Amino acid sequence: MDMLWNGWGDPAKAAPLPDSVTGLLRDLLGVKPRSTPALALDDLDLPAPTAGPAALAALAEAVGGAEHVRTDAESRVRHTRGKSTPDLLRIRTGDVSDVPQAVVLPATHDEVLAVLRVCADHALAAVPFGGGTSVVGGLAPERGAFVALDLRRMDALLDLDPVSRTAVLQPGLRAPAAEALLAEQGFTLGHFPQSFEWASIGGFAAARSSGQASAGYGRFDEMVLGLTLATPEGTVETGRAPRSAAGPDLRQLILGSEGAFGVITSVTVRVRPLPETKVYEGWRFASFEDGAAALRRLAQDGPRPTVLRLSDETETLIGLASPDKIGAGLGQSDAGCLAITGYEGTPEETAYRRERAAAVLTACGGTPLGTESGERWAHGRFSAPYLRDALLDVGAFAETLETAAFWSRVPELYAAVRTALTDTLTEAGTPPLVMCHISHVYENGASLYFTVVSAQGEDPVAHWTPAKHAANEAILAAGGTISHHHGVGTDHRDWYVRETGELAVEALRAVKRRLDPDGLLNPGVLLPTD
């Protein structure tokens with residue numbers, strides 16, 4: 001099944017906002033219904049492919065037949081850009097300027113190499129495409145003629161080593177399918193980002209993804225033990241042991257490279273036994289500051305839950321942590337801040353960690369809310385993108401951004417980004433509702449995940465761009481990183497250059513020139529084009 005071409009996920013799960021929420025948006029933010037009807041896919045006016053018959057024939061030969069090279073309008077539209085709010089707004093208004101020439105579906109590592117050779121011969125750029133869930137412009141290269149390299153046929157569990165607890169997965173394997181294949185043999189990857197239902201294993205590695213259970217299972221880049229990369233210049237293999245002192249770790253060069261250095265064709269990951277027990281519960285804190293201090297205690301001194309997150313006062317009041325209960329907290333004067341803790345493992349281990357964590361949370365001023373709010377969060381943990389689409393449908397603007405910093409800088413970072421978003425959008429005549437939660441914790445710091453809702457304004461994309469830039473500036477000024485788990489893409493690229501430094505960027509350019517001398521791979525993504 002493919003995702004909605006102009007929205008997120010399964011069409012059967014898309015639902016309109018309740019009238020009460022629509023009225024709230026109108027009264028609180030001045031949201032007005034859309035004045036133009038929605039476009040259908042058939043209404044889009046796609047430019048004809050400029051790739052000639054010779055190029056298409058060569059691509060077909062590379063992937064075993066013409067049926068694996070698609071040039072029909074629907075396939076090309078479904079591979080246009082990602083799923084950020086600006087991406088969706090552009091496609092909804094008929095902007096298909098970034099449409100690929102063709103969609104190519106290789107089935108093996110060697111076929112990927114062959115496709116890259118054809119692209120080099122015919123001056124076509126190549127954009128690796130997994131689940132298509134990028135929200136940072138990671139699928140919109142800065143080069144006119146390109147093909148989308150859809151990896152869905154590379155969707156196998158190649159090997160499972162139960163003694164070492166490792167698995168070798170192909171890049172086009174979607175996360176739910178990966179979990180199902182591993183579960184058949186008693187294991188789990190434990191990686192559950194909000195994009196879980198649609199994202200792919202290769203995409204997780206290419207963007208340094210972080211899942212909602214990262215407190216217990218770790219980030220995806222911590223799970224990766226080895227990678228195979230296909231490049232225009234040949235194959236790169238990394239990771240033959242759990243740890244090595246044999247030079248710099250080249251895995252780290254590939255992780256987060258977003259298809260700019262090559263196409264990931266297999267990933268060796270650490271797996272864990274399926275948990276026997278899962279328990280999620282809620283806690284209330286009087287303030288975001290108090291809740292953050294409690295999370296820091298658990299992150300630094302333990303016991304660390306498998307899931308650990310905290311919504312600020314506004315997000316708690318609105319009820320964003322439970323998308324099926326949006327607006328339920330309005331009118332409460334003591335909503336405070338909702339924290340979610342989750343525990344997975346054996347019954348004995350889970351009970352022990354839960355009891356010890358409860359003592360820490362109570363000592364930090366937390367009030368237990370029981371399992372109802374925790375289970376409600378778990379039930380709706382992948383629903384927020386559907387809510388975003390419903391907001392767009394009624395004329396609201398909704399977008400997210402995230403960052404991370406050391407614990408001592410988190411308060412300043414939180415205040416700076418909120419102020420930047422609020423001031424910029426208010427000056428534009430669309431005062432926003434800005435919400436935030438701590439989504440991932442570490443011994444030394446935490447990630448902040450912001451959600452912004454406002455009226456769309458006359459030109460929603462132009463309306464959002466200055467606010468996004470202001471938030472990026474605030475992040476760098478406050479000592480945060482420009483991306484914790486969404487990646488760089490084109491949206492964050494210029495700030496990534498400033499964060500990393502020109503010399504480091506030049507070193508990465510040198511790597512790209514060696515692996516991709518013609519600049520075919522995702523040009524303009526991650527690194528500026530020469």
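This talk goes through some local features of one predicted model, element by element.

Some ground rules before the details. Residues are numbered from 1 along each chain as its sequence is written, and side-chain values use heavy atoms, with hydrogens and water left out. As the model is a predicted one, local features need pLDDT of at least 70 and side-chain atom pairs count only at pLDDT 80 or more, while totals for chains, interfaces and linings use all residues.

V21, G23, L25 and L29 of α1 are buried, where buried means under 20% relative accessible area, exposed means over 50%, and partly exposed lies in between, with a 1.4 Å probe and protein chains only. These buried residues pack against α15 (384–393), β16 (396–406), β17 (433–441) and β18 (445–455), and contact means heavy atoms within 4.5 Å. After α1 comes G30, with a positive phi near 75°.

Next is helix α2, residues 53–62. Its buried residues include A55, L59, A60 and A62. They cover an arc of only 160° around the axis, which puts them on the same side of α2; the arc is that of the directions from the helix axis to the C-beta atoms. What do the buried residues of α2 pack against? The partners are β1 (69–70), β2 (102–104), α5 (109–121) and β4 (146–150). On the face turned away from the buried side, α2 carries the exposed residues P53, A54 and E61. G64 follows α2 and has a positive phi, near 85°.

Now the strands around β6. Strand β5, residues 157–161, pairs with β6 in the antiparallel sense over four bridges; two strands pair if DSSP finds at least two bridges between them. L157 has L169 as its bridge partner in β6. Together β5 and β6 form a hairpin with four residues between them. On its other listed pairing, β6 is joined by four bridges to strand β10, residues 263–270, again antiparallel. There A167 stands opposite V269.

In a regular strand the side chains alternate between the two faces of the sheet. In β6, residues 166–169, T166 and V168 point one way, A167 and L169 point the other way, and all are buried.

The turn of that hairpin brings me to backbone geometry. Most residues other than glycine have a negative phi, and most peptide bonds are trans. R165, in the loop between β5 and β6, is not a glycine but has a positive phi of about 60°. R165 is partly exposed, at 41% relative accessible area. L526, in the segment after α19, also is not a glycine and has a positive phi of about 75°. Is L526 buried or exposed? At 4% relative accessibility, L526 counts as buried. The peptide bond from G302 to P303 is cis, with omega near -5°, and P303 sits in the loop between α11 and β13 (307–311).

On to a lysine. K512 lies in helix α19, residues 502–515, and is buried, with a relative accessible area of 14%. Where does the side chain of K512 reach? It reaches the backbone oxygen of A260 at 2.6 Å. Apart from neighbours within four places in sequence, K512 is in contact with A260, F261, P517, G519, L521 and L527.

Last, the aromatic pairs. The structure holds seven of them; rings of Phe, Tyr and Trp (its six-membered ring) pair if their centres lie within 6.5 Å, with planes under 30 degrees apart counted as stacked, over 60 as edge-to-face and the rest as tilted. One of these is the tilted pair of F204 and F220, with 5.4 Å centre to centre and 55° between the planes. F204 lies in helix α7 (residues 201–207) and F220 in helix α9 (residues 220–223), so the pair ties together parts that are 16 residues apart in sequence. Both F204 and F220 are buried.

F288 and Y414 form another tilted pair, 4.6 Å centre to centre and 35° between the planes. This pair links distant parts of the chain, 126 residues apart, with F288 in helix α11 (residues 288–301) and Y414 in helix α16 (residues 410–427). F288 and Y414 are both buried. Finally, ring pairs link F192, F196 and F382 into a cluster.

Key. Helices (H or I, at least four residues) and strands (E, at least two) are DSSP runs, numbered from the N terminus. A polar contact is a pair of N or O atoms within 3.5 Å; within protein, one must be able to donate a hydrogen and the other to accept it, and residues adjacent in sequence count only if both atoms are side-chain atoms.
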